[in-house]
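Dear colleague,

I am handing over the structure we spoke about, and below it you will find my notes on what turned up. Please read them with the coordinates open beside you.

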Amino acid sequence: MNNSNKISGAEAVIRCLLEEGVDLIYGYPGGAIMPIYDELYKFQDQLIHILTRHEQGATHAAQGYSRVSGKVGVVTATSGPGATNLVTGIADAQIDSTPMVCITGQVASHLLGSDAFQETDIIGISTPVTKWNCQITKAADIPEVLAKAFYIAKSGRPGPVLVDITKDAQFELMEFKYKKCKSIRSYKPVPNYSIREIKKASELINSAKKPFIVWGQGVILGNAENEFKNFIEKTGIPAAWTILGLSGLPTDHPLNVGMVGMHGNYGPNVLTNECDLLLAIGMRFDDRVTGNLDHYAKQAKIIHFEIDPAELNKNVEVDVAILGDVKQTIPELTKLVDKKTHPKWIKKFHSFYKKEYEKVIKDDLNPSKKGLTMGEVIKEINQASKGDAIIVTDVGQHQMVACRYAKFNKSKSNVTSGGLGTMGFALPAAIGAKMGAPSREVVAVIGDGGYQMTIQELGTIFQTGCAVKIVVLNNEFLGMVRQWQQMFFDKRYASTEMINPDFITIAKGYNIDAKKVTKREELKSSIKKMINSKKPYFLEVKVEKEANVFPMIPSGASVSEVRLE
Amino acid sequence: MNDKINTYTLSIYTENNIGLLNRISAIFLKRHINIESLTTSQSEIDNIFRFVIVVSVLESKIKRIIKQIEKQIEVIAAFYHTDKETIFLETALYKVKSKSLFDEKHIQKIIKDSQANIVTVSPNYFVIEKTGWREETEKLYVSLEPYGLLQFVRSGRISVSKKPMNISNILGLNTEK
């Protein structure tokens, strides 16, 4: 038999990645994926592998990379614990629609089901949290399955896929031929849109007196930021964002009226229940956005722009459904709508903003009290970065504050764990974001709790020199849970107080420049110094211990019951 | 709205793929819904498989579940029907001691009246098969129980819809050619 034209399954995996234009992957080696790592060694001039310090870190890094670059994030890990450690990141990518391809090694096919060393049923485990997954036991199947994996991950509503490859399939020889996947007969990634529905929508828009837009990540994933901007500028409709829609429209845009949801802005929440027409664009009516569904925009006609048919009428019954890709549907609609302005209606948002400013924002951004606030830290970051930075946030109070106050000039600049709310997301995601957008400033804003969930990724920063800027807002509490304990559990602070280590010493152990700020006078200059640094930098800011995030929609309440205090 | 709990028969046409059963059952598991019966088989089209699943849920819920099922990559199409909209059957097997067949004259009448078939007779036992609605197989169960059932088993529901489901059309639309 002539094997001269044949390559190993492991080499085929690398060649597939190169065919898909992948030049950077994240991962962690181990027994069952060693043949692939051996090929990575040979191909290191074409394909960079970033060794994270934990497989979860690899998934979040791949997510950060994808969210800022629009490319598919790729992760490799070994079988057993390597594979199970991916699960949190996969679930996060699934709920936040992030395209990701995870490749796991698996025990040799003759050992499947024998409880072999480092064997887990990762296909079974990952099924509910992947868009698609597949196990390969023959080298010959590798090109077709990986081509399918990339196509599924990035098409339609993106998501994570997992391909599990047994070790014998990695060793086996095969003839390599690669054909990109362009369609799958049982899968329709982008549903056809209906001109009739778009016409109906245009009629509702043209006759609406108080129309209101809530946009989500669909606008960003669809690369439809310009189409969206043209649409709102023509119709003059005030627009608010969900947490994942943030940065899809510049913060300073006159029609950008802020954030909706549990800790969103006062006006957009209250006026959701006052508008006569609600346009939901690339968002999915998450419960953190809608509050109590029985009292959500009941007075309004609702138009929903959505690529995923399963999202239609899932949480909110809509009057007009515009299925399809917003990149195509928004321009069609823009053609049919009248040029308009809504000065009186927009004034309402401004007057609600004034109330919110007096009650909340003023003290957040320009506090008169001694303790430092999270808000003033974000304000200083805005000033130092001029709104051009990518802001990566973790989960909790700091996340809400950062999303509320961070300034964005460009899209794909806000990276956060929205749907799953994964603490520990930010540090590795920031590494991925910096590598996905190397010319941009990347600032990770993290709480002292979440920081310690993936703190080992400082090792990745140390090894790669990846110049991320890390700001830990330290209140020595798991702040969001503590806030709920204060408000709803009579201040019984069960396991939310944290006795923290010396973060500066830890950063220095990784050779990362570090500074601690405890006084307001030091804040501005320290943030400036951090932003100006060309190297990774760690800044710890001691903030007020028991501050609360407002406005807030208590769970079970309606959006219009949003509280300012 | 009169949103009430109904029994629905789901017909799911799929590519044959390892793990798809897991993916579909996970959709019910996630929503804490009990699968009352599940059958998979070849469908009317070559290499296309068909799942028939019976669940009792609210109508508002079944609509969302169907969309979640259709969202799975290897699912070609999914439908839900009420009992009125389908023709459906189950098959039950009853294993009884042969002695009863000869000693108890009555048992032969039961078999005849219920239009059941005797599948096999051996010196020790005989096996009766009954295909029909749940009430019919249950009635036979109740009748035979006093004579000592050695074994009893009932299949999942199989069903065909009264209205066409047009799978070939759907496939035709989705193929490149």
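A:Leu24 has A:Ile48 as its bridge partner in E3 of chain A, in a model that, please keep in mind throughout, is predicted. The pairing to which this bridge belongs joins strand E2 (residues 24-27) of chain A to E3(A), and it runs in the parallel sense over four bridges.

These two strands are part of an open sheet of six in chain A, whose order is E3-E2-E4-E5-E7-E6 and whose pairing is parallel. At the edges stand strand E3 (48-51) and strand E6 (132-136) of chain A, each of which pairs on one side only, and from one strand to the next the twist averages 20°. Helix H3 (residues 55-69) of chain A lies across E2, E3, strand E4 (73-77) and strand E5 (100-106) of chain A, and its direction is at about 165° to that of E4(A).

Further along chain A there is another parallel pairing, in which strand E19 (residues 513-517) and strand E20 (residues 537-542) are joined over five bridges; within it, A:Lys515 has A:Leu539 of E20(A) as its bridge partner. Together with helix H23 (residues 520-532) of chain A, the strands E19(A) and E20(A) make a β-α-β unit, and this unit is right-handed.

As for helix packing, helix H1 (residues 9-19) and helix H7 (residues 142-154), both of chain A, pack with their axes 10 Å apart and at an angle of about 30°. Because angles under 35 degrees count as roughly parallel, H1(A) is described as roughly parallel to H7(A). The crossing of H1(A) and H7(A) is right-handed. On the side of H1(A) the contact is made by A:Gly9, A:Ala12, A:Val13 and A:Cys16, and on the side of H7(A) by A:Ile142, A:Pro143, A:Leu146 and A:Ala147. Sorted by class, the contact between H1(A) and H7(A) has seven nonpolar residues, one polar residue and no charged ones.

Finally, there is the question of how the chains meet: how many residues of chain A are in contact with chain B? There are 16 of them, and they are in contact with 18 residues of chain B. On the side of chain A that touches chain B, eight residues are nonpolar, four are polar and four are charged.

Methods
Residues are numbered from 1 along each chain as its sequence is written. Chains are lettered from A and ligands numbered from 1 in the order in which they are written. This is a predicted model: local features need pLDDT of at least 70, side-chain atom pairs count only at pLDDT 80 or more; totals for chains, interfaces and linings use all residues. Axes are lines fitted to C-alpha atoms, for helices over the stretch in contact, and angles run from 0 to 180 degrees between N-to-C directions. Angles under 35 degrees count as roughly parallel, over 145 as roughly antiparallel, 65 to 115 as roughly perpendicular and the rest as oblique. A crossing is left-handed if the near helix is turned anticlockwise from the far one by less than a right angle, and right-handed if clockwise. Two residues are in contact if their C-beta atoms, placed from the backbone, lie within 7 Å. Ala, Val, Leu, Ile, Met, Phe, Trp, Tyr, Cys and Pro count as nonpolar, Asp, Glu, Lys and Arg as charged, and the others, Gly among them, as polar. Two strands pair if DSSP finds at least two bridges between them. A crossover is right-handed if, with the strands pointing away from the viewer, the path from the first strand over the helix to the second runs clockwise.
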